Amino acid sequence: MSLYGAKSKTTPKLDDRTDLILYNNVVSPYSSTINSVLTILTQTNLEKKIDILKNIDILDVFHSSGFKNFWISNQSPIGVWDNQITQFARKSDRCEFVNMTSNSSYEATYTASYDEKIIAPFSEALQDSAKKKLIILHLIGNHSSYSKRYPTDFNIFEGDGSKKSNTIAEYKNSLVYTDFIVDSMINILIKSQRLNTNTATSLLYISDHGENVYDHGEKAGHDYSKVVPKANVEIPFFLWISPYFQSLDSSKTQQTILNKNKPFVTDDLFHALIDLNFIKTKFPEKGRSVFNPIFNDKRKRILCDGKDYDEKVD
Ligand SMILES: [Zn+2]
């Protein structure tokens, strides 16, 4: 993303925004969708693994704190890479899968279901009368096949005909499309804020994992053998918070800005999300919340391959 300094202008709309808090040093614990999503949204982390039966998740905590949970997904609901997430998502009060282009996860990698399908159900969820809402939007984003992730209007970058060059161009085009989708979502939120000025709203964008597009070795994708390349886990992580949210707790807003360069692993997002949203429960360990003044930025970032991210050299 050019938002993170890439030379190619892949996120023109987000680049122009002045209302994002951009975290610069965030990695995912895993390099795959299922492991990452289920770790990001639950209490377990790579330092303290919790048995699945005792693992409290974000849907439980928000629901019992009076939130209505929405899960809107453009990932395929069925198949080896999706079944577990779908089962998890169904715990939400409202769950909507908009990608019905295939009969399996594998097939879905080769079919097109553009993320704009999420926009209408997202707008509907915003209009829902529930006072407190957690809306999880699971984009298909920039998962392969990259050429299937954007409509032809977004054919901005072109390869030289070689497989490598074409793949890189298609990946960049998929990012330009994601830029359009995420920017649109923030604008929809801002519009809804004008109608409901006294609601504290935030939007957090994260990737479940990174993607190695010829950054490491002559390949594209997010699989690996033994050692995870940095590109597989380095992810964008940015926050938008509404003016009312800022006025409600200006010290929290300041803290999110102060912590934006601190090293974070998203396996602790569970704690951070509870902490950010003014929820009072026994669950969040504040030292694990990147939005908290006592955030522990000395944690060693040992990832799923057992290696310390900060000592990786690739
Ligand atoms: Zn994924």
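# Report on a predicted zinc-containing model

Phe278 is found in the segment after helix 11. This residue belongs to a predicted model, and its phi angle is near 60°, a positive value in a residue other than glycine. With a relative accessibility of 32%, Phe278 counts as partly exposed.

Two further backbone features deserve mention. Lys226 also has a positive phi, near 65°, and is not a glycine. Its place is in the loop between strand 8 (220-221) and helix 8 (230-233). Lys226 is exposed, because its relative accessible area of 74% lies over the limit of 50%. The other feature is a cis peptide bond, which runs from Ser144 to Ser145 and has an omega near 5°. Ser145 is found in the loop between strand 5 and helix 7 (163-195).

The metal site comes next. The zinc ion is coordinated by Thr33 through OG1, His143 through NE2, Asp208 through OD and His209 through NE2, at 1.9 to 2.1 Å. The four donor atoms subtend angles of 101 to 119° around the zinc ion, and the arrangement is therefore tetrahedral. Along the sequence, the donor residues follow the spacing T-x109-H-x64-D-H. Thr33 lies in helix 2 (residues 33-40), whereas His209 lies in the loop between strand 6 (202-206) and strand 7 (212-213), so this pair ties together parts that are 176 residues apart in sequence. Thr33 counts as buried at 10% relative accessibility, and His209 counts as buried at 6%.

| Salt bridge | N to O distance |
|---|---|
| Lys48 and Glu285 | 3.2 Å |
| Lys68 and Asp128 | 2.9 Å |
| Asp297 and Lys298 | 3.1 Å |

The salt bridge between Lys48 and Glu285 links distant parts of the chain, 237 residues apart: Lys48 is in the loop between helix 2 and helix 3 (58-64), and Glu285 is in the segment after helix 11 (269-276). Lys48 is partly exposed, with a relative accessible area of 44%, and Glu285 is partly exposed as well, with 29%. Both residues also belong to a network of salt bridges that links Glu47, Lys48, Asp267, Asp268, Glu285, Arg288 and Arg299.

Lys68 and Asp128, joined by a salt bridge, likewise link distant parts of the chain, here 60 residues apart: Lys68 is in strand 3 (residues 68-73), and Asp128 is in the loop between helix 6 and strand 5 (133-138). Lys68 counts as partly exposed at 23% relative accessibility.

In the salt bridge formed by the side chains of Asp297 and Lys298, Asp297 is partly exposed, with a relative accessible area of 24%, whereas Lys298 is exposed, with 68%.

The surface also carries a nonpolar patch. Val80, Trp81, Tyr106 and Tyr110 form this patch, and together they have about 500 Å² of accessible area. One of these residues, Tyr110, is found in the loop between helix 5 (105-108) and helix 6 (119-127). Tyr110 counts as partly exposed because its relative accessibility is 49%, a value that falls between the limits of 20% and 50%.

Note on methods: Residues are numbered from 1 along each chain as its sequence is written. This is a predicted model: local features need pLDDT of at least 70, side-chain atom pairs count only at pLDDT 80 or more; totals for chains, interfaces and linings use all residues. Side-chain values use heavy atoms; hydrogens and water are left out. Patches are made of residues with over 30% relative accessible area and no salt bridge: like charges are joined within 9 Å, nonpolar side chains (Val, Leu, Ile, Met, Phe, Trp, Tyr) within 5 Å. Accessible areas come from the Shrake-Rupley method with a 1.4 Å probe; for residues, only the protein chains shown count as cover. A salt bridge is a side-chain nitrogen of Lys or Arg within 4 Å of a carboxyl oxygen of Asp or Glu. Helices (H or I, at least four residues) and strands (E, at least two) are DSSP runs, numbered from the N terminus. Buried means under 20% relative accessible area, exposed over 50%, partly exposed in between (1.4 Å probe, protein chains only). Donors are N, O and S atoms within 2.8 Å of the metal (3.2 Å for Na, K and Ca); water is not among the atoms, so sites may look incomplete. Four donors count as tetrahedral if all angles lie between 85 and 135 degrees; four count as square planar and six as octahedral if opposite donors are over 155 degrees apart and all others between 65 and 115; anything else is irregular.
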